[in-house]
Amino acid sequence: MISIDPENQSEHDTYKLLIGSIIPRPIAFVTTRSLDGMVNAAPFSYFNIVAANPPLLSVSVQRKNGEPKDTARNALDIGAFVVHISDESYIEAINGTAANLPPDESEIDLSGLQLIESDKVQVPGVAEAKIRMECVLERSIPLGGVVTAPACDLLIGRVVRFHVARELYRDGRIDPELLRPVSRLAGSSYSRLGEIFSLERPE
């Protein structure tokens with residue numbers, strides 16, 4: 001084994017170790033709305049479940065030079081965001097929204113995706129997604145970096161409405177093969193679902 005102390009290498013090298021090791025990562029495609037009404041959309045692979053009661057999700061939004069990105073700032077200002085599960089049917093459009101645009105330009109316009117009104121939050125979702133979750137902001141936690149310039153904003157969202165394509169929903173469960181989710185690897189690499197196998201959990 002090679003032993004590596006992150007204190008003895010650059011942040012970039014540590015980043016490469018993390019994204020190359022922690023794979024595959026689900027991709028949250030997140031929409032937010034600014035105080036002046038501009039809709040922002042961006043993909044995030046630092047994303048997972050936190051709890052089921054109540055349903056909580058986490059999305060880590062990395063800062064740039066210590067400054068919050070549009071997603072984190074909008075979520076804090078409005079108190080809500082919408083998480084979409086990325087799938088093969090619209091992954092190219094999602095990738096296009098990763099472009100670095102100024103706050104007064106919408107990634108939605110660039111991608112050609114269609115907005116759809118939410119039921120319980122003031123932020124619209126994207127119609128192309130097979131699964132989307134309306135979230136209210138439970139907590140926004142600056143983490144990492146230094147006190148004056150955190151490295152990220154950890155958003156904890158409480159799901160207040162699930163929207164699931166009818167064909168995916170069977171007896172209260174999601175059919176993963178019909179969802180065709182896409183996950184993130186390292187660099188420019190992504191992964192499809194692949195082979196599914198089962199293991200019984202020990203009692």
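A: A disulfide is a covalent bond between the sulfur atoms of two cysteines. Here, a pair counts as a disulfide if its sulfur atoms are within 2.5 Å. Keep in mind that this is a predicted model.

Q: Okay, how many disulfides does a search of the whole structure find?
A: The search finds zero.

Q: Where is the nearest cysteine sulfur to C135, then?
A: That sulfur belongs to C152 and is 18 Å away. Since the cut-off is 2.5 Å, C135 is in no disulfide. C152 is in no disulfide either, with the sulfur of C135 as its nearest.

Q: Is C135 buried or exposed?
A: C135 is buried, and its relative accessible area is 0%. C152 is also buried, with a value of 10%.

Q: Switching to strands: how many bridges join β2 to β3?
A: Six bridges join them, and the two strands run antiparallel. β2 covers residues 28-33, and β3 covers residues 39-44. As one example of the pairing, F29 has P43 in β3 as its bridge partner.

Q: What about the hairpin of those two, β2 and β3?
A: There are five residues between the strands, and G37 in this hairpin takes a positive phi near 95°.

Q: And how covered is β3?
A: Mostly covered: five of its six residues are buried.

Q: What is the strand order in the open sheet of three strands?
A: The order is β1-β13-β14, with antiparallel pairing. The edge strands, β1 (25-26) and β14 (190-191), each pair on one side only.

Q: How many bridges join β13 to β14?
A: Two bridges do. In β14, S191 is the bridge partner of S183.

Technical notes
Residues are numbered from 1 along each chain as its sequence is written. This is a predicted model: local features need pLDDT of at least 70, side-chain atom pairs count only at pLDDT 80 or more; totals for chains, interfaces and linings use all residues. Side-chain values use heavy atoms; hydrogens and water are left out. Two strands pair if DSSP finds at least two bridges between them. Helices (H or I, at least four residues) and strands (E, at least two) are DSSP runs, numbered from the N terminus. Buried means under 20% relative accessible area, exposed over 50%, partly exposed in between (1.4 Å probe, protein chains only).
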